[in-house]
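Dear colleague,

Here is the structure I said I would pass on. My notes on it follow below the entry.

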Amino acid sequence: MFRVLVSDAISEEGLAPLRTSAHIDIVQKKVSEAEGELHTFDALLVRSATKVTEELLEKMPNLKIVGRAGVGVDNIDVDAATKRGIVVINAPNGNTISAAEHTFAMMAALVRHIPQAHISVKSREWNRSAFVGKELFGKKLGIIGFGRIGSEVAKRARAFGMTVLVYDPFLTKERAEKLGVSIQSLDEVLAAADIITVHTPLTKETRGLLGTENLAKTKKGVYLINCARGGIIDEQALIPFLESGHVAGVALDVFEQEPPGDHPLLTFDNVIVTPHLGASTVEAQLNVATQVAEELLHFFEGQPVTSSINLPALSKDVYEKIQAFYHLGRKLGLIASQFMNIPVQELSVTYAGTVADLETTYITRSLLAGFLRPRVASTVNEVNAAMIAKERGITYGEKFSDETHGYANCISLTVHGENKTFTIKGTHVPNYGDRIVHFDGVAIDFAPEGHLLYIQHQDRPGMIGKVGNVLGAHDVNIATMQVGRQEAGGKAMMILSLDKPVDDAVLNALAQIDDIETVKRLEA
Ligand SMILES: NC(=O)C1=CN([C@@H]2O[C@H](COP(=O)(O)OP(=O)(O)OC[C@H]3O[C@@H](n4cnc5c(N)ncnc54)[C@H](O)[C@@H]3O)[C@@H](O)[C@H]2O)C=CC1
Ligand SMILES: O=C(O)C(=O)COP(=O)(O)O
């Protein structure tokens, strides 16, 4: 049974796919009301209100996935989640239209003084001359951050006869052309725009993007809109620009602290505000809840998630193609780690044949996770493997080669440790399974499954019988046995698959046999 804590208001209808599963138990409570049972949840579903801090994650040791029913994940400590191997997903496009429409509604309200006029009429006044506005037609709209929402705002602006100026350092020329906008520098947008609207995420780079210095570069009489995240426009820095009249008006849907409390900005008549309503439409809420609920179902069914913040995005189709190699990679990593139980500096993975054309990043992450698993006490999976490897000073790299050794596909892992290097190669045979085809310099062929025993010995007659006798005397049944050697009479090895794990007494007894040099247990 998977337990899901839904700690913010998320559309009931959208959660319906989760409710149909007999294996999922949904609890709707604020985090503060669920204190005593936080350790029992496998998943946490939030909007922007719940702060998913490192401290909260510590109280949720069973947590495997955090779902954000919306776009911004600035309320989630993604690094802390990644470190713990917790997948973070969001619903990136479910509320785009609602947020763009809200931005537009705020823009129109701002330049036509609609909120102020509304209050006046409701107060039984009829003061038409106090609310003379400006047209949007012919004005220059500066859009900072031209992603999903920014580009939808641009479409609407063009329909209103506005000129759109865009600043987004990550926007390619091709995409800008496709969307019919020209990319400008930030200074150009600041200097030319009559209205500026921000649509970036809140990051270290965008916090305070419109602060004192950049506000001073704007046109006198500029209007500003923030329907993205509180803090992109520095609230304190705005105050003198409003007092001097340099900024003609501001529309804010989001605040540095939510709710903003008794904030000085709220005292200005030309600052219009909404309580973070950009995504608050029936349609957006249904969309985002349905998206995260479906993703959660996929996750619990072992299917790929497509909108993860801390995993490479994979479609179902791609996932199906890489699944077999993903498992092979995990086994290669796991076996190599046990064989090389010494400090290592570098893992080098080479893909050859059909596997080289697939999304290998995911396979490499799986291999890394398999390698690290015997070495770290905490959960390690494809989410945090790269981070943990880095923490431990282990570098890794991918290569591609034509050398398939006669197989349709081949994954080769070389581990570089202190004074020792080890190479293992494997292939996946459809409808047959995984095979290890090369182990520590010896061509061999065995299935990486179950309780394996590695024996390295000199190639002499009678070795197989001697090993069989010792195992038989200890009541250990051999399921399969594969042998290989570098050259006749030289270094040779046996890989045995056993029906049960063997204890140290068996290993010691085997090690006593003449010409046996190494005996190791390996789990796959
Ligand atoms: N008020 C509300 O209820 C809602 C707010 N939002 C917020 O809107 C923002 C944008 O959302 P989307 O358009 O869906 O995201 P997006 O990821 O599609 O677009 C963000 C854009 O910002 C650009 N960007 C990043 N750093 C930048 C920088 N330093 N300067 C200029 N551009 C930069 C990126 O290149 C990207 O094109 C997010 O902060 C999100 O949280 C989203 C939905 C609802
Ligand atoms: O999706 C976003 O980034 C939003 O800001 C929407 O926030 P909300 O889910 O309405 O709390």
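L141 stands opposite I195, a residue of strand β9. Please keep in mind throughout that this is a predicted model.

Strand β9 covers residues 195–198. On one side it carries I195 and T197, on the other I196 and V198, and all of these are buried, so both faces of the strand are covered. Buried here stands for under 20% relative accessible area.

One neighbour of β9 is strand β6, residues 140–144. The two run parallel and are joined by four bridges. Besides the pair already named, I143 has T197 in β9 as its bridge partner.

Another neighbour is β10, residues 222–226, which also runs parallel to β9 and is joined to it by four bridges. In that pairing V198 stands opposite N226 of β10.

These strands belong to an open sheet of seven, in the order β8-β7-β6-β9-β10-β11-β12, with parallel pairing. Its edge strands are β8 (182–183) and β12 (271–273), each of which pairs on one side only.

**Ligand 1**

Which residues come nearest to ligand 1? They are R148, I149, D168, T200 and D253, out of 25 residues around the ligand.

- I149: a backbone N or O atom lies at 2.9 Å.
- A279: a backbone N or O atom lies at 3.1 Å.
- R229: an N or O atom in the side chain is 3.3 Å away.

Taken alone, ligand 1 exposes 860 Å², and the protein buries 88% of that. The space that ligand 1 takes up is the largest pocket.

**Ligand 2**

The residues around ligand 2 are R47, S48, R68, A69, G70, V71, G72, N95, R229, H276 and A279.

Again the polar contacts involve oxygen atoms of the ligand:

- S48: an N or O atom in the side chain is at 2.4 Å.
- V71: a polar backbone atom is at 2.6 Å.
- R229: an N or O atom in the side chain is at 2.8 Å.

Taken alone, ligand 2 exposes 310 Å², of which the protein buries 90%.

**Q482**

One further residue is worth a note. Q482 is found in strand β20, residues 478–485. Is Q482 buried, exposed or partly exposed? Its relative accessibility is 24%, so Q482 counts as partly exposed. The reason is that partly exposed covers values between the 20% limit for buried and the 50% limit for exposed.

Q482 and F446 are 36 residues apart in sequence, while their C-alpha atoms are 6.4 Å apart in space.

Regards

Key:
Residues numbered from 1 in each chain as written. Chains lettered and ligands numbered in written order. Predicted model: local features only at pLDDT ≥ 70, side-chain atom pairs only at ≥ 80, totals over all residues. Heavy atoms only, no water. Buried < 20%, exposed > 50% of the residue type's maximum accessible area, 1.4 Å probe, protein only. Pairing = 2+ DSSP bridges. Near = heavy atom within 4 Å. Polar contact = N/O pair within 3.5 Å; in protein donor to acceptor, adjacent residues only side chain to side chain. Areas by Shrake-Rupley, 256 points an atom, 1.4 Å probe, with all protein chains shown as cover. 1 Å grid on protein atoms, 1.4 Å probe; cavity = no way out; pocket = protein on both sides within 12 Å on 5 of 7 lines; lining within 4 Å. Sits in = over half its atoms within 2 Å of the grid points.
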